[in-house]
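Q: Could you walk me through reading a structure like this one, feature by feature? I would like the general idea and then the case at hand.

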Amino acid sequence: MSITVKDVEHVANLARLELSEAEKEQFAGQLNAILEYAEKLNELNTEGIEPTSHVLPLYNVMREDEVRPSLPAEKALSNAPEEEDGHFKVPAVLE
Amino acid sequence: MSLFDLRLSELHNRLHHKEVSVSELVEASLKRIEETDGKIGAFLTLDEAGAKKRASELDGWTGERGLLFGLPAGIKDNIVTEGLRTTCASKFLANYDPIYDAGVVGKLRDAQAVTIGKLNMDEFAMGGSNENSAFRPVRNPWDTERVPGGSSGGSAASVAAGQVYFALGSDTGGSIRQPAAYCGVVGLKPTYGLVSRYGLVAFASSLDQIGPIAKNVEDAAFVLQAIAGHDARDSTSANVDIPDYSAALTGDVKGLRIAVPKEYFGPGIDPQVKERVLEALKVYESMGAVWEEVSLPHTEYAVATYYLLASSEASSNLARFDGVRYGVRADNPANLLDLYRRSRSEGFGPEVKRRIMLGTYALSSGYYDAYYKKAQQVRTLIKRDFDQVFEKFDVVVSPTAPTPAFRLGAQVDDPLTMYMNDICTIPASLAGVPAISIPCGLADGLPVGLQIIGKPFDEATVLRAAHAFEGQTEHHKLRPAL
């Protein structure tokens with residue numbers, strides 16, 4: 001299997017990245033090399049092996065649903081590139 | 001002898017007897033940074049005013065003293081500090097001032113350490129050479145033409161250069177241990193879950209762990225003591241009893257059972273690195289420890305497993321950088337999608353984009369089972385390798401990195417070769433077990449690291465083994481001529 005520039009464009013779209021033509025070429029080559037190396041894992045038979053998502057024997061840590069202090073709006077907005085009336089501002093979503 | 005050559009315990013005594021003040025320590029740290037950081041590039045942000053203010057507060061303190069009282073510390077720039085710029089060495093966060101403190105930052109404050117500033121790193125902790133910093137590379141104090149390792153390169157270089165007393169780093173696949181090895185200092189990656197990740201900007205959440213970088217094992221144990229412990233704000237924080245790590249430093253390793261995995265001494269390992277590690281094993285023998293060659297058969301699959309899992313998690317974690325709530329926003333976006341795309345493309349560097357692309361691909365429709373799930377299954381096999389060895393042995397000993405520090409620019413165009421530098425550190429990350437790197441000598445004038453890996457939550461044995469070695473050797477006392 002080989003990753004084409006078209007595949008790179010598809011993945012870049014999923015990842016919300018805009019790549020230059022040069023970047024697309026470069027990533028196609030590098031991702032191919034990395035994934036080719038990753039094919040190595042197919043040497044192993046993993047049928048019936050449980051996947052490990054993380055190593056701790058911890059499941060669904062619960063807490064009481066109690067009201068706790070939260071950030072004041074002006075603090076939460078302090079790093080916003082654009083804000084208006086106590087909200088994050090973005091370009092219009094609906095035309 | 002400079003103040004920075006003193007052990008923490010000795011310094012504690014001097015502070016106690018008022019032979020030195022906190023303000024003097026902080027001044028010494030700032031002066032050293034001024035003298036050396038032009039060559040090293042370890043700091044991204046200095047908090048000179050904050051550090052001086054804190055020092056004078058502590059000099060007036062009459063109550064009981066915290067564990068790290070008055071010690072100048074540096075913090076890796078992916079650990080958030082309220083009101084103190086935190087960039088993750090990324091253009092995306094070049095102007096980001098956090099609105100809260102990370103869990104470990106609160107712990108350092110409780111222990112009365114003094115934060116001097118924020119340390120350079122590979123962008124979003126992705127890299128092993130510090131050349132991926134968006135601002136400037138860090139240089140190795142032992143040879144400024146060489147890399148300090150990464151991603152916690154600023155943390156390791158700063159401690160090695162005597163700028164701060166200790167530093168905090170973060171380790172996902174070796175990012176504390178490998179730079180500690182390259183810079184000739186001590187770096188400890190704790191068991192996954194021992195130290196709170198609250199306020200650590202997430203790279204790969206199932207692997208990330210914060211840990212200390214210090215000049216010797218005793219100091220690392222003190223810092224670990226201060227930062228370990230349960231934090232309800234991190235849902236993967238382990239609720240375990242924290243032992244007295246300093247009490248574990250007995251100097252006695254008689255009967256300690258050391259496993260030496262043959263897979264860590266393969267053809268990619270520099271002969272001098274191998275030689276230093278074998279010499280270290282002789283030191284352990286002379287102290288009454290016993291070692292035996294073992295096999296961790298799935299080691300050769302660890303690098304591929306790691307890059308699939310870490311990149312997948314990163315692609316998801318870094319989705320939060322969208323140009324809406326913080327960070328850069330592209331000018332004049334045509335619409336919301338354009339805003340996301342251009343903000344991210346302008347804000348992220350090449351390695352970060354590469355890993356987001358790899359991770360997005362591995363998680364995308366049709367490839368999930370082949371890559372992500374497969375890697376999670378192999379992770380289980382790698383963890384089992386360790387479980388089996390730890391049934392018979394107390395620790396696993398290996399090189400930390402296959403070679404000493406390489407030259408800047410030597411590997412930048414070849415991501416796969418760069419990834420292979422992590423071959424010795426990645427398996428312990430995947431298994432979630434604690435591991436330390438300590439200096440074990442030089443190869444052509446450059447430091448070599450010895451890695452000691454332990455059982456889950458058995459940092460005490462790892463530290464005991466590391467400390468006993470230090471007691472018999474002088475390697476950790478070597479300093480770069482800057």
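Q: Let us begin with Asn79(A): where is Asn79(A) found?
A: In this predicted model, Asn79(A) sits in the loop between α3 and β1 (83-84) of chain A.

Q: Is Asn79(A) buried or exposed, and how do I decide?
A: The label follows from relative accessible area, with buried meaning under 20%. Asn79(A) has 16% relative accessibility, so it counts as buried.

Q: Which residues does Asn79(A) touch, once sequence neighbours are set aside?
A: Leaving out residues up to four places away in sequence, Asn79(A) touches Asn95(B), Tyr96(B), Asp97(B), Ile99(B), Arg325(B), Tyr326(B) and Gly327(B). For Asp97(B) there is a polar detail to look at: its backbone oxygen lies 2.8 Å from a polar atom of the Asn79(A) side chain.

Q: That leads me to the interface. How is its size expressed?
A: The size of an interface is often given as the accessible area lost when the parts come together. Here chain A and chain B bury about 5300 Å² between them, and 69% of that is on carbon and sulfur atoms. The contact takes 51 residues from chain A and 67 residues from chain B.

Q: How many residue pairs are in polar contact across the interface?
A: The rule finds 23 residue pairs in polar contact between chain A and chain B, counting pairs with both residues at pLDDT 80 or more. On the side of chain A that touches chain B, α1 (5-14), α2 (21-38) and α3 (73-76) each supply at least two residues. The most comes from α2(A), with nine residues. Sorted by class, that side of chain A has 32 nonpolar, nine polar and ten charged residues.

Q: How many salt bridges are there between the two chains?
A: The count between chain A and chain B is four. One to inspect joins the side chains of Glu300(B) and Lys40(A), at 2.7 Å from N to O.

Q: Which parts does the salt bridge of Asp77(B) and Lys118(B) tie together?
A: Their closest N and O atoms are 3.3 Å apart. Asp77(B) lies in the loop between β2 (72-76) and α4 (103-110) of chain B, and Lys118(B) in strand β3 (residues 114-119) of chain B, so the pair ties together parts 41 residues apart in sequence. Both Asp77(B) and Lys118(B) are buried.

Q: What about Asp143(B) and Arg146(B)?
A: These two form a salt bridge with the closest N and O atoms 3.0 Å apart. Asp143(B) is partly exposed, with a relative accessible area of 23%, whereas Arg146(B) is buried at 17%.

Q: What should I look at where α7(B) starts, and what follows the helix?
A: At the start, a side-chain oxygen of Asn216(B) reaches to within 3.2 Å of the backbone nitrogen of Glu218(B). After α7(B) comes Gly229(B), whose phi is positive, near 130°.

Q: Before I go, how much confidence does the model carry?
A: The model scores ipTM 0.95 and pTM 0.97. For chain B the mean pLDDT is 96, and 100% of its residues reach 70 or more.

Methods. Residues are numbered from 1 along each chain as its sequence is written. Chains are lettered from A and ligands numbered from 1 in the order in which they are written. Side-chain values use heavy atoms; hydrogens and water are left out. pLDDT is the predictor's confidence in each residue, from 0 to 100. Contact means heavy atoms within 4.5 Å. Buried area is the accessible area (1.4 Å probe) that two parts lose on being put together, summed over both. A polar contact is a pair of N or O atoms within 3.5 Å; within protein, one must be able to donate a hydrogen and the other to accept it, and residues adjacent in sequence count only if both atoms are side-chain atoms. Helices (H or I, at least four residues) and strands (E, at least two) are DSSP runs, numbered from the N terminus. Ala, Val, Leu, Ile, Met, Phe, Trp, Tyr, Cys and Pro count as nonpolar, Asp, Glu, Lys and Arg as charged, and the others, Gly among them, as polar. Buried means under 20% relative accessible area, exposed over 50%, partly exposed in between (1.4 Å probe, protein chains only).
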